[in-house]
Amino acid sequence: MQGFSYENHSSVSEFILLGFSSNFQLNIILFNVFFFLYLSTLVGNGLIVTLIHLDSRLHTPMYFFLSVLSMLDMSYVTTTVPQMLVHLLCQKKTISYSGCVAQMYIFLVLGITEGWLFSVMAYDRYVAICHPLRYKVIMRPWLCGAMVVFCGLWGVSCSLIYTVFTMRLPYCGPNEINHFFCEVPAVLKLACADTSLNDRIDFILGFILLLVPLSFILASYVCIFATILRIRSAQGRLKAFSTCASHITVVTMFCGPAMFMYMNPGANASPERDKKLALFYNVISAFLNPIIYSLRNKDVKRAFLKVTGWGGATE
């Protein structure tokens with residue numbers, strides 16, 4: 001069967017990314033919006049990484065994972081947004097075949113790593129709230145580092161499967177991708193072969209990479225909420241819950257749209273809907289993450305005041 005051959009039958013040397021609109025005036029507006037979101041994402045996440053590095057009181061497992069999340073978010077948006085900004089202003093909206101493969105792979109590596117990192121962050125909150133006296137013993141630096149490496153290895157290996165099974169198919173034209181970057185579901189629609197195997201692989205990998213970590217997160221929070229409800233003080237319950245609220249919000253924003261995108265059969269996919277979903281878990285969530293974590297976090301605010309000198313002599 002032609003679609004299952006590893007031989008390169010592709011006659012397409014480049015792809016055209018259609019983006020959002022062919023209307024130049026609308027593209028100018030979109031450029032300004034996305035340029036603001038991109039710069040804000042870099043500044044916000046970069047500030048969090050800097051504050052965690054400079055303030056010794058933030059040298060804890062929770063903030064270590066938060067700094068890794070911020071670095072992933074900065075890399076994640078940089079994989080797609082700069083090219084999207086260029087295409088919004090230029091007539092030529094092409095990307096080479098190899099560039100498309102590289103963008104797809106890097107995007108998947110960062111996204112899958114981030115998805116598993118959320119489950120690690122949930123485990124950290126579980127240990128902190130359910131086993132506070134053993135927290136420092138359990139969450140040792142080497143274990144935190146090992147868990148981040150584990151997340152990264154999952155990202156590297158599973159992304160390779162996604163990319164290989166997508167780009168091994170023949171692409172013989174047309175070469176117009178109805179998306180703003182090379183994402184697997186959008187690229188698969190151009191394949192000159194049966195993609196039913198890819199749909200099954202996408203569903204299986206989506207189950208492993210989204211539902212499994214979500215199950216870990218759910219299990220952690222069931223235990224966390226059970227512990228919180230046993231706290232007698234209302235103020236104590238509120239404080240314990242507030243440490244988890246930011247994480248729950250971020251996980252919902254990232255995993256919900258991603259699950260809908262990658263576990264939905266290709267035949268049912270709508271290009272316009274897929275672009276909106278991708279914007280949400282690629283651009284919007286990365287933009288909102290530093291806002292969500294910093295607005296509700298007194299430690300981050302205190303570190304900011306200390307580093308800038310605006311906090312005076314206040315500790």
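Which residue of E3 stands opposite Leu 17? The residue in question is Ile 177. This is a predicted model, in which local features need pLDDT of at least 70 and side-chain atom pairs count only at pLDDT 80 or more, whereas totals for chains, interfaces and linings use all residues. Residues are numbered from 1 along each chain as its sequence is written, and side-chain values use heavy atoms, with hydrogens and water left out. The briefing below covers the sheet, a helix pair, the aromatic residues and the salt bridges. Helices (H or I, at least four residues) and strands (E, at least two) are DSSP runs, numbered from the N terminus.

**The sheet**

- Three strands make up an open sheet of mixed pairing, in the order E2-E1-E3. Two strands are said to pair if DSSP finds at least two bridges between them.
- Strand E2 (94-96) and strand E3 (176-177) are the edge strands, each pairing on one side only.
- Strand E1 (residues 14-17) pairs with E2 in the antiparallel sense, over three bridges. Glu 14 has Ser 96 of E2 as its bridge partner, and Ile 16 stands opposite Thr 94 in E2.
- The pairing of E1 with E3 is parallel and runs over two bridges.

**Packing of helices H3 and H5**

- Two packed helices are described by the angle between their axes and the distance between the axes.
- Helix H3 (residues 97-130) packs with helix H5 (residues 141-167) at an angle of about 145°, and their axes are 7 Å apart. Axes are lines fitted to C-alpha atoms, for helices over the stretch in contact, and angles run from 0 to 180 degrees between N-to-C directions.
- The contact of H3 with H5 has 21 nonpolar, six polar and no charged residues. In this classification Ala, Val, Leu, Ile, Met, Phe, Trp, Tyr, Cys and Pro count as nonpolar, Asp, Glu, Lys and Arg as charged, and the others, Gly among them, as polar.
- Helix H3 also contains Ala 102. Ala 102 counts as partly exposed, at 37% relative accessibility.
- Ala 102 and Thr 79 are 23 residues apart in sequence, and their C-alpha atoms are 9.5 Å apart in space.

**Aromatic residues**

- A search of the whole structure finds 20 aromatic pairs. Rings of Phe, Tyr and Trp (its six-membered ring) pair if their centres lie within 6.5 Å; planes under 30 degrees apart count as stacked, over 60 as edge-to-face and the rest as tilted.
- The pair of Phe 31 and Phe 35 is stacked, because the ring centres are 5.7 Å apart and the planes are at 5°. Both residues lie in helix H1 (residues 24-54), four residues apart, about one turn of the helix. Phe 35 counts as partly exposed, at 37% relative accessibility.
- Tyr 76 and Phe 107 also form a stacked pair, with 4.8 Å from centre to centre and 15° between the planes. This pair links distant parts of the chain, 31 residues apart: Tyr 76 is in helix H2 (residues 61-89) and Phe 107 is in helix H3. Both Tyr 76 and Phe 107 are buried.
- One aromatic cluster is formed by Phe 20, Phe 34, Tyr 76, Phe 107, Phe 118, Phe 180, Phe 181, Phe 254 and Tyr 281.

**Salt bridges**

- The structure holds four salt bridges. A salt bridge is a side-chain nitrogen of Lys or Arg within 4 Å of a carboxyl oxygen of Asp or Glu.
- One of them joins Asp 124 to Arg 125, with the closest N and O atoms 3.0 Å apart. Asp 124 is buried at 1% relative accessibility, and Arg 125 is buried at 10%.
- Glu 272 forms a salt bridge with Lys 275, where the closest N and O atoms are 3.2 Å apart. Both residues lie in helix H9 (residues 271-295), three residues apart, about one turn of the helix. Glu 272 is partly exposed, with a relative accessible area of 39%, whereas Lys 275 is buried at 2%.
- Asp 274 and Arg 273 meet through their side chains in a salt bridge of 2.8 Å, N to O. Asp 274 is buried, with a relative accessible area of 3%, and Arg 273 is partly exposed at 23%.

Terms used. Buried means under 20% relative accessible area, exposed over 50%, partly exposed in between (1.4 Å probe, protein chains only).
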